[in-house]
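Here is my note on the model you sent. Please read the points with the structure open.

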Amino acid sequence: MKSTNTNLYACYTAALAIATAALFVFPGAPVVHTLLKLAGVGFLATLLYRRVSAPSFWGHCVLTGAWTLLAIGLAANVWYFTSYSGGTVYDPVLINDDAASAWQQMQAVLSGHDSGVGMSRRGYGTFLALLAWPGPADIASELCFNVLLILVAIVLTGAAAVRLTPGVEPQRTATAARLMTAMVCYFLSTGVILIKDALICAVMASAVYACAGLRSRFSWADIALVFAGGLVAALVRPNLLPLLCLGLLIFAPGMDRRRIAALGACVAVFAALYFITRHIGLRSEVFSGTHTPMVEMGTEQPRLESYNSVLGNYNELPLWRQLVQLPVSLALQFLTPLPWAFSRDVVFGPSAAFAHISFPWYALGGILLYYAVALWRRSPRGVALSFGYGLLLTMLTAFMTGGTISRYCLPWLPALVPAAAWAWNSGSLRRRSFKIWYVVYTLLMVVALCAAFAILNRYNPGGWDAK
């Protein structure tokens with residue numbers, strides 16, 4: 001035990017040293033204040049980890065490693081928004097339209113003025129203002145909160161995997177789930193950019209965790225967690241509310257009347273909040289009744305132009321064509337961001353390059369595909385329900401966007417990962433059939449990536465991840 005504690009302290013010390021070095025290498029944020037905030041974020045995440053599941057040395061290492069990578073990304077991004085671009089932590093230069101709108105709305109709320117931001121985009125900025133009240137707000141502190149949210153999502157995903165897999169060693173299950181979540185670089189990178197994705201990921205992770213617990217016992221804490229997530233969604237992304245309702249209904253079968261009544265009350269409240277927010281115009285444009293062209297800073301996105309060049313204008317296709325093209329949309333969504341063109345999304349911050357390290361996600365995707373084909377029916381019921389929920393949301397997202405906005409699927413990761421963790425810890429991945437499958441899958445991925453590179457350079461030279 002003493003040796004384990006010594007190793008943990010060494011791990012924490014190394015992480016703090018790396019974070020400190022990053023803040024000096026990328027000047028922009030006040031070093032001491034930012035380091036203290038980051039340390040506080042790590043402390044809170046560790047407390048939650050100890051509270052919701054049996055901790056282990058390797059579990060602490062995974063959480064500390066994720067914290068370290070996020071600290072480096074935060075330092076690089078704050079430097080880019082401040083020193084590099086001529087801004088300050090209180091007046092950063094935010095090139096990305098979503099981040100700039102959120103910051104503008106936050107400052108307007110704190111100062112009591114009108115932001116001029118459209119009603120459908122005010123929710124996240126208002127949420128940031130509530131965090132920063134009474135002000136002044138600085139970009140480093142706001143990003144520290146996003147770091148906390150992603151760490152919370154990682155912790156709760158591991159805890160949900162334990163709840164969904166009774167009888168499997170909890171420490172191994174939790175550590176495997178957290179490692180699989182943290183190694184998805186695209187998911188991790190949302191913790192250091194000023195958009196609402198980190199918050200939505202935490203909301204979905206908390207919903208899966210709470211529903212997993214409610215399958216075995218009644219807990220007011222779990223009910224309160226689901227309800228709080230719904231309130232946050234009502235403010236920052238109201239169109240998430242119907243998807244939360246869908247999740248509650250999927251997890252409800254098999255529960256006793258008391259738990260079903262509580263979940264039913266949540267569904268009723270979420271439905272009411274959804275229609276209220278639609279009525280007052282405070283709704284996010286993630287999904288809409290019609291397929292509107294996806295734009296970025298006033299111009300059509302290059303990835304949509306590439307898609308249209310090969311398959312036709314997705315927004316103008318009839319419903320049956322969109323359904324027929326769903327496998328293609330899913331493939332496009334799965335492959336993005338492609339493992340090249342690391343500077344493409346630098347408007348979000350330099351850390352966006354990290355999101356293009358896609359191979360860990362592809363590796364996890366191979367396990368999830370094998371689970372879907374060979375293991376789904378034989379897995380624990382809770383794991384199967386959670387995976388089905390995540391898969392359904394993934395397919396819905398691909399259908400609504402044509403697969404061109406892959407980050408909209410990141411919040412569904414906490415629902416999918418427990419299946420991969422169960423497959424890993426149950427010994428199912430040691431089978432000969434899995435080894436054969438993974439060789440075939442790897443070859444298919446190589447072919448798909450080569451085809452994507454060739455097609456993009458042929459039909460849209462210099463465009464979406466073309467080179």
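The points below cover aromatic pairs, helix packing and some backbone features.

1. Basis. This is a predicted model, in which local features need pLDDT of at least 70 and side-chain atom pairs count only at pLDDT 80 or more, while totals for chains, interfaces and linings use all residues. Residues are numbered from 1 along each chain as its sequence is written, and side-chain values use heavy atoms, with hydrogens and water left out.

2. Aromatic pairs. The structure holds 21 of them. Rings of Phe, Tyr and Trp (its six-membered ring) pair if their centres lie within 6.5 Å; planes under 30 degrees apart are stacked, over 60 edge-to-face, and the rest tilted. Phe57 and Trp58 are edge-to-face, because their planes stand at 70°, with the centres 5.1 Å apart. Phe57 is partly exposed at 23% relative accessibility. Trp58 is exposed, at 60%. The cut-offs are under 20% relative accessible area for buried, over 50% for exposed, and partly exposed in between (1.4 Å probe, protein chains only).

3. A pair between helices. Phe127 and Phe145 form a tilted pair, 6.0 Å centre to centre with 45° between the planes. Phe127 lies in helix α5 (residues 123-132) and Phe145 in helix α6 (residues 139-164), so the pair ties together parts that are 18 residues apart in sequence. Helices (H or I, at least four residues) are DSSP runs, numbered from the N terminus. Phe127 is buried at 13% relative accessibility, whereas Phe145 is partly exposed at 22%.

4. How do α5 and α6 pack? Their axes come within 11 Å and cross at roughly 105°. That makes α5 roughly perpendicular to α6. Axes are lines fitted to C-alpha atoms, for helices over the stretch in contact, and angles run from 0 to 180 degrees between N-to-C directions. Angles of 65 to 115 degrees count as roughly perpendicular, and those over 145 as roughly antiparallel. In α5, Tyr124, Phe127, Leu128, Leu131 and Ala132 meet Glu142, Phe145 and Asn146 of α6. Contact means heavy atoms within 4.5 Å. The contact has six nonpolar residues, one polar and one charged. Ala, Val, Leu, Ile, Met, Phe, Trp, Tyr, Cys and Pro count as nonpolar, Asp, Glu, Lys and Arg as charged, and the others, Gly among them, as polar.

5. The α10 and α11 packing. Helix α10 (residues 220-236) packs on helix α11 (residues 241-251) at about 160°, with axes 9 Å apart. The two are therefore roughly antiparallel. From α10 come Val226, Gly229, Gly230, Ala233 and Ala234; from α11, Leu241, Leu244 and Leu248. By class, that is six nonpolar, two polar and no charged residues.

6. Other ring features. Phe26, Trp79, Tyr80, Phe81 and Tyr84 form one aromatic cluster. Arg163 lies over the face of Tyr209, at 3.8 Å from the ring centre. The criterion for a charge over a ring is NZ of Lys or CZ of Arg within 6 Å of the ring centre and within 35 degrees of the ring normal.

7. Cis peptide bonds. The bond from Trp133 to Pro134 is cis, with omega near 5°. Pro134 sits in the loop between α5 and α6. Another cis bond joins Thr336 and Pro337, with omega about -5°. Pro337 is in the loop between α15 (326-335) and α16 (359-375).

8. Positive phi. Which residue has a positive phi although it is not a glycine? Ala341 does, at about 55°. Ala341 lies in the loop between α15 and α16. Its relative accessibility is 15%, so Ala341 counts as buried.

Note on methods: Angles under 35 degrees count as roughly parallel, over 145 as roughly antiparallel, 65 to 115 as roughly perpendicular and the rest as oblique.
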